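Q: Could you take a close look at one part for me, the way helices pack here? Please connect it to the wider picture as you go.

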Amino acid sequence: MYDLDAVAAGLQNLFQLHVLASLLVGFALGFIVGAIPGFNDANLMAILLPFTLFLDAMTAIVAMSALYFGAQAAGSIPAILINVPGTPGTAASTLEGYPMARRGQAGLALGISFAASTFGAVFGSVAAIVLSPIIGAFALRFGPAEMFMIAVFGLTVVSSLTGDDIWKGLLASAFGVLIAMVGADGMTAFERGTFGILHLYDGVPLIPVLLGLFGFSEVLFLMREQAVASGESVRGKGEIFRGVRECLRHRVTLLRSSIIGTIIGIIPGAGATIGSFVAYGQARQWSREPEKFGTGHPDGLVATDSANNAVAAGAVVPLLTLGLPGSASATVMLAALVLHGVRPGPRFFLNFQTEAYTILFSLFIASALIALVGLPAARSFRAVAFLPTRILVPIVGVLLFTGAFAWRFLGFDILVMVVFGLLGVAMKVGGYPIPAFLLAFILGSLLETCFLQTVRIGGYGLFFGSPITITLWVLTILSLLAPVIMKLGRRRDKARG
Amino acid sequence: MSARTKDLIFPLTVLLAVVSYWLQLEGAPRAARVVPQGVLVLLLALVGAVALTALRREPPPGGAPAASWILGAARAGWRQIAIVGLSIGYYFAFELLGFHIANALFLACAFPIAGVGLRSTVLLTLGSVVVLYVTASLMQFNVPEGWLFR
């Protein structure tokens, strides 16, 4: 299964000066772009794609892979500092990272984030190198019924994010599914809920929704404060490295979340957002102090950031072995590969073995760069949390407008961002969980498509027809029951004193 | 604003969306409406459950009349309301005057609203617009020129 000659040739390809230089430049560009909300890696990769045609295939693909990794890691910076996720996959990082920044622990949070990101990415890369040839065959077994169950499992995890009132969580997630079903129906092209607006024909755009719910709503709340960091400022030089040590203390969460992230990354179409939310939900369920989640708990941040980056590495597996991109940026990666005559698919490891190992090892080096570049850079980024809001709010406002527009180059998306910003305010004041809405919004179209495909192919029986779906049913039920069981356990412990 | 009112804003928004979406589903083929209809029914049930829980709460003692409550909220949150208005205005400026002029106008109005003095507003606006212009040029960002300049 493993051809050592191909492994050696792959490494030889990578360790050439111009290839390593392209890896560094790609990573740096991705890191800068990931730190700017809205300017996502997919946009930049698409813009840079024509320029890569002047490079040889391996140099271009390595640069693209490094850019993809850099953006994923840096997306946590604005998520932690200003509650605006730099990439959709870092939305869950706001849950614990931002409250930490608000307490004046921005440096600590960034330290935790980069250490967890590095671990997750390294873990995912190693798993991708080892498992790619094996998992290529297994992933072919995932049909619509299995994908539907993955989506259902993701939504049940939302119940562990909803705090005390399960009804509010369910309402938020059901509304997210409804909003995901705005636009032309995938099977009949019938327009649903568009009110005749042409720009909604393809559905409600994800990035403006994300920027509105998290960023614009937070901008409105921030206007009441002096600075993002309202707590006692912790500015010591060693704060970021204390974050690294803090991250390493949460070894179990780090490992569990990296495994969850890698598995979810390998499943085609699941994506970093689902991976980080599932890992967060699991961290909360297993935590000894779940009531502290949402207030800036390091365990939650370790979970989201390690999973998010493990997904990025894991997602390369279906891309290479099945030719199935799991995200917008992976789609651009696919386009880059095809443009350079390297066509991914089930026979990829037979036809392009050397190229496959070059790509996989470049991911491993890019993972190490997260710590090497991210940790020193974190000190400069930390200052944002201490900027006065009277200066920060208008500048973030312009960044949000630009980010919303940049997704599809449509001015209409600015209005979408504002509308969802107001929805975010309504949700926040009423205590409705925004992450539940967002996750359901992302999963909505997948749920509908897979449900209809399954029913059409083999009826409702298919939902219980394979060991994978049955396992997912069991996990779903356990996920729903776990909070209840743990609540009962805590009550019993309290009664015993 | 009472906790009960805060709880009810989101379900009422959902209810409005449900009714609008339902009306738009008329005449849809079965494949296009089977899942949305299921979700709509679920949403109606959940809105009912959440609203009932909120309505069961004790009403705030000596609650102010609606008109004075709205005036009070507007007075307390005038900056936020102004920023929302400015953001909607940004969209129209963006379409009419283009990316760079819309940014300049937004920043010139938003800095004073946020509490920045006049001199700092001028400096910050100019600085931000220049940085955005240079970044957009370097990234070859396809910024719209605005309807008036086409």
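A: Happy to! A helix crossing is left-handed if the near helix is turned anticlockwise from the far one by less than a right angle, and right-handed if clockwise. α6(A) passes α14(A) in a left-handed crossing; helices (H or I, at least four residues) and strands (E, at least two) are DSSP runs numbered from the N terminus. This is a predicted model, in which local features need pLDDT of at least 70 and side-chain atom pairs pLDDT 80 or more, while totals for chains, interfaces and linings use all residues. Residues are numbered from 1 along each chain as its sequence is written, with chains lettered from A and ligands numbered from 1 in written order.

Back to that pair: α6(A) covers residues 93-102 and α14(A) residues 298-314, and their axes come within 8 Å and cross at roughly 135°. Axes are lines fitted to C-alpha atoms, for helices over the stretch in contact, with angles from 0 to 180 degrees between N-to-C directions. That angle makes α6(A) oblique to α14(A) (under 35 degrees is roughly parallel, over 145 roughly antiparallel, 65 to 115 roughly perpendicular, the rest oblique). A:Ser93, A:Leu95, A:Glu96, A:Gly97 and A:Met100 of α6(A) meet A:Gly300, A:Leu301, A:Thr304 and A:Asp305 of α14(A), where contact means C-beta atoms, placed from the backbone, within 7 Å. These residues divide into three nonpolar, four polar and two charged (Ala, Val, Leu, Ile, Met, Phe, Trp, Tyr, Cys and Pro are nonpolar, Asp, Glu, Lys and Arg charged, the others, Gly among them, polar).

A:Ser117 sits in α7 of chain A and counts as buried because it has 32 C-beta neighbours inside 10 Å (20 or more is buried, 12 or fewer exposed, in between partly exposed). Its C-alpha atom is 12 Å from that of A:Val373, 256 residues away along the chain.

The contact between the chains takes 49 residues from chain B and 42 from chain A. On the chain B side, α2(B) gives the largest share, 12 residues, and by class that side has 35 nonpolar, 10 polar and four charged residues. Chain B has six helices and zero strands, and 23% of its 150 residues are buried. Chain A has 22 helices and two strands, with 62% of its 497 residues buried.

Within chain B, α4(B) and α5(B) have axes that come within 8 Å and cross at roughly 165°, and are therefore roughly antiparallel. Their crossing is right-handed. The residues involved include B:Leu86 and B:Tyr90 of α4(B) and B:Leu105 and B:Phe106 of α5(B). This contact has 16 nonpolar residues, no polar ones and one charged.

Key
Contact = placed C-beta atoms within 7 Å.
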